[in-house]
There are 2 protein chains.
Amino acid sequence: MLSKKTKYGLKALSYLAAQPDKKPIQISEIAEKENISQKFLESILLSLRKTGFLGSKKGKGGGYYLLRSPEDISMTDVMRVLEGPIAMVPCVSLNFYETCDDCPDENTCSVHKLMLQVRDSALDVYRNNTLKDIIS
Amino acid sequence: MLSKKTKYGLKALSYLAAQPDKKPIQISEIAEKENISQKFLESILLSLRKTGFLGSKKGKGGGYYLLRSPEDISMTDVMRVLEGPIAMVPCVSLNFYETCDDCPDENTCSVHKLMLQVRDSALDVYRNNTLKDIIS
DNA sequence: TGAAAACTCTATTAAATTAGTAGGGTAATA
DNA sequence: TATTACCCTACTAATTTAATAGAGTTTTCA
């Protein structure tokens, strides 16, 4: 299941991408328009800023804004930051790989085999979608 | 993330599918060979029996066995029983559909748009894999 | 220059889910 | 008829999620 954090993060990014210009948008505006708890959204936007997706401006007239164009923001990167691993098991994860302690051999593991395909198909989708693709 | 229930369920089904004949296999044997807590596995096998994947035989020489051939068991059905919805959000689920209470319009929702593709790609994988496919 | 606006950070918590554990009960077979 | 093995209910510890609270800091503009 997609976490609320990811869902809200995607909505916030989409909201910013849909703006006509690059002016900073206040957290309160995004929270209200997208029906998100403001405090929760605060922490999500903060993590998107720390990972290079958003910039922020303090003080009056401040807020958050996209650092790159929507067509340059891949869903692969966004999902990894917000949701974590794309793989459903660590033993097929590209960026968060871990061995299964209960599994003697990955190569003969049926779960491994299936989840590898699921990961690849999900990656395909994320790689073929930028922020621009999902807002139009 | 894939739940342990699903992981163990898949492993148990694979173990049964890999048997040379259709003799009942005891829970204790599967639990030991696949490194699964026996009591936990009990509850998983029970749910697979109730949903028509497994049969069981009581008494001495009893155990669990597949009711259908591995090539007739689709991963789509197995995943829905073990893991639940294949979709990552209820608003794109075929079998467990629910509206989002925070979302005014599905058709313009970027999350909806992305997750629809992810669901379809996952479904493709599950539909193209039977139990036989993942054990060989 | 100072007050308001807006971001930043830490800590806490309530609810839900997961992954088991415990223990008794029931049915079938040799 | 005793043993084997499935069946069922209830409980619980750990983890994660989704906030909530509240204080603090920085920037801007009048």
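Guide: In this predicted model, the C-alpha centres of domain 1 of chain A and domain 2 of chain A lie 26 Å apart. Domain bounds come from an automatic or database domain assignment, which here gives domain 1 (4-66) and domain 2 (73-135) of chain A. Residues are numbered from 1 along each chain as its sequence is written, and chains are lettered from A in the order in which they are written. Local features need pLDDT of at least 70, side-chain atom pairs count only at pLDDT 80 or more, and totals for interfaces use all residues, while side-chain values use heavy atoms, without hydrogens and water.

Visitor: How many residues does each domain of chain A bring to the contact?

Guide: Contact means heavy atoms within 4.5 Å, and it takes 13 residues from domain 1 of chain A and eleven residues from domain 2 of chain A.

Visitor: How is the size of an interface often given?

Guide: It is often given as the accessible area lost when the parts come together. With a 1.4 Å probe, and summed over both parts, domain 1 and domain 2 of chain A bury about 1000 Å² between them, 83% of it on carbon and sulfur atoms. In domain 1 of chain A, the residues that lose the most area to domain 2 are A:Thr6, A:Leu10 and A:Phe53, together 48% of what that side buries.

Visitor: How many salt bridges does the rule find across this interface?

Guide: The rule asks for a side-chain nitrogen of Lys or Arg within 4 Å of a carboxyl oxygen of Asp or Glu, and across the interface of domain 1 and domain 2 of chain A it finds zero salt bridges.

Technical notes:
Buried area = accessible area lost by both parts, 1.4 Å probe.
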